[in-house]
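Here is a short report on one protein model. Look over the sequence and the fold before reading on.

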Amino acid sequence: METEKKEMTSKASPPVSIAEAFFVHLICGLGLALAFLIARHVYSADLISDPSRTLFLILIVECPIVILLYSRYRTDREQCSYLKAMARGILGLLAGAIINAFGAIVLGAPIGAQYLLKTLNWSLVMSSFGVVPSACVFGSSWMDWQRLFAYTKPNGTIDHMICIPAHGAIIGAWFGAWPMPLDWERPWQEWPICVSYGAVIGYSIAMVASLAFSHARSGLQHVKRD
């Protein structure tokens with residue numbers, strides 16, 4: 001039992017305070033805002049007028065921020081260096097993009113040369129929201145991936161920071177897809193505009209929600225100790 005406890009301790013990520021979690025989410029949120037500002041003021045683009053370019057800008061601004069921040073909280077610090085955790089994040093980005101693209105196509109995303117770049121950039125952005133943080137922190141630990149994404153059982157602040165925004169992005173994209181098949185003939189109904197807006201909004205709201213859940217959990221733990 002003592003050996004198992006030591007192993008669990010060695011694989012645990014460093015403790016994260018609510019203030020530190022707030023800082024991480026704040027930086028991620030500012031990264032999103034910066035990407036939209038660059039798209040608007042430098043390229044005169046947005047998700048409606050040029051979804052592919054805007055998604056690419058979100059990717060190149062947000063993904064490095066996520067990798068740099070979440071690699072600090074890797075669970076296997078003794079076996080995994082900071083650079084290795086960053087490499088895991090990059091691999092997770094690519095693997096997650098394949099999964100997201102496949103899922104989108106299965107659920108009805110259009111197929112064709114004109115949609116290829118849009119689907120690729122959308123899949124990469126979704127992967128940076130949901131897969132990259134977990135890849136940086138947990139690597140290939142199937143138990144942790146299963147706990148967060150199959151059973152949805154986050155145990156601490158870092159788990160909430162990963163799990164809730166990932167689910168928020170997916171749920172937001174799902175709700176964002178609802179207007180697509182409707183016969184309104186609006187420009188924003190085209191793939192992947194509304195699902196991208198849904199994912200960004202869901203991700204942003206879920207980052208705030210993760211802080212609330214972490215704060216509530218820490219409060220309950222404090223009450224129990226008293």
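How many helices and how many strands does the secondary structure of the protein chain come to? The count is nine helices and zero strands. This is a predicted model. Along the sequence, the pattern reads α-α-α-α-α-α-α-α-α. The protein chain has 226 residues, and 46% of them are buried. Take the contacts between residues at least 6 apart in sequence: 70% of these join residues at least 24 apart.

**Two helix pairs**

Helix 4 covers residues 82-106. Its axis and that of helix 5 come within 7 Å. Helix 5 spans residues 113-130. The second pair is helix 7 (residues 142-150) and helix 8 (residues 157-176), whose axes come within 10 Å.

| Helix pair | Axes come within | Crossing angle | Hand |
|---|---|---|---|
| Helix 4 and helix 5 | 7 Å | roughly 120° | right-handed |
| Helix 7 and helix 8 | 10 Å | roughly 50° | right-handed |

How do helix 4 and helix 5 lie to each other? They cross at roughly 120°, and they are therefore oblique to each other. On the helix 4 side, the contact is made by Gly92, Leu93, Gly96, Ala97, Asn100, Ala101 and Ala104. Helix 5 contributes Thr119, Trp122, Ser123, Leu124, Met126, Ser127 and Ser128.

Helix 7 and helix 8 cross at roughly 50°. That angle makes helix 7 oblique to helix 8. From helix 7, the residues that meet helix 8 are Arg147, Leu148 and Phe149. Their partners in helix 8 are Asp159, Ile162, Cys163, Ala166 and His167.

Ser128 lies in helix 5. Is Ser128 buried or exposed? Its relative accessible area is 1%, under the 20% cut-off, so Ser128 counts as buried. Which residues does Ser128 touch, beyond those up to four places away in sequence? They are Cys63, Val66, Leu93 and Pro133. Leu93 also belongs to the helix 4 side of the contact with helix 5. Ser128 and Glu62 are 66 residues apart in sequence, yet their C-alpha atoms are 7.6 Å apart in space.

Ala104 lies in helix 4. Its relative accessible area is 8%, and Ala104 is buried. Leaving aside neighbours within four places in sequence, Ala104 is in contact with Ala109, Trp122 and Trp191. The C-alpha atoms of Ala104 and Ser123 are separated by 8.4 Å, and the two residues are 19 residues apart along the chain.

**Aromatic rings**

How many aromatic pairs does a search of the whole structure find? It finds five. Among them is the pair of Trp184 and Trp188. Their centres are 6.1 Å apart, with 65° between the planes. The cut-off for edge-to-face is over 60 degrees, so this pair is edge-to-face.

The charged end of Lys153 sits over the ring of Tyr151. The distance to the ring centre is 5.9 Å.

Notes. Residues numbered from 1 in each chain as written. Predicted model: local features only at pLDDT ≥ 70, side-chain atom pairs only at ≥ 80, totals over all residues. Heavy atoms only, no water. Phe/Tyr/Trp six-rings, centres within 6.5 Å; stacked < 30°, edge-to-face > 60°. Lys NZ or Arg CZ within 6 Å of the ring centre and 35° of its normal. Axes fitted to C-alpha atoms, helices over the stretch in contact; angles between N-to-C directions. Helix = DSSP H or I, 4+ residues; strand = E, 2+ residues; numbered from the N terminus. Parallel < 35°, antiparallel > 145°, perpendicular 65-115°, else oblique. Left-handed = near helix turned anticlockwise from the far one by under 90°. Contact = heavy atoms within 4.5 Å. Buried < 20%, exposed > 50% of the residue type's maximum accessible area, 1.4 Å probe, protein only.
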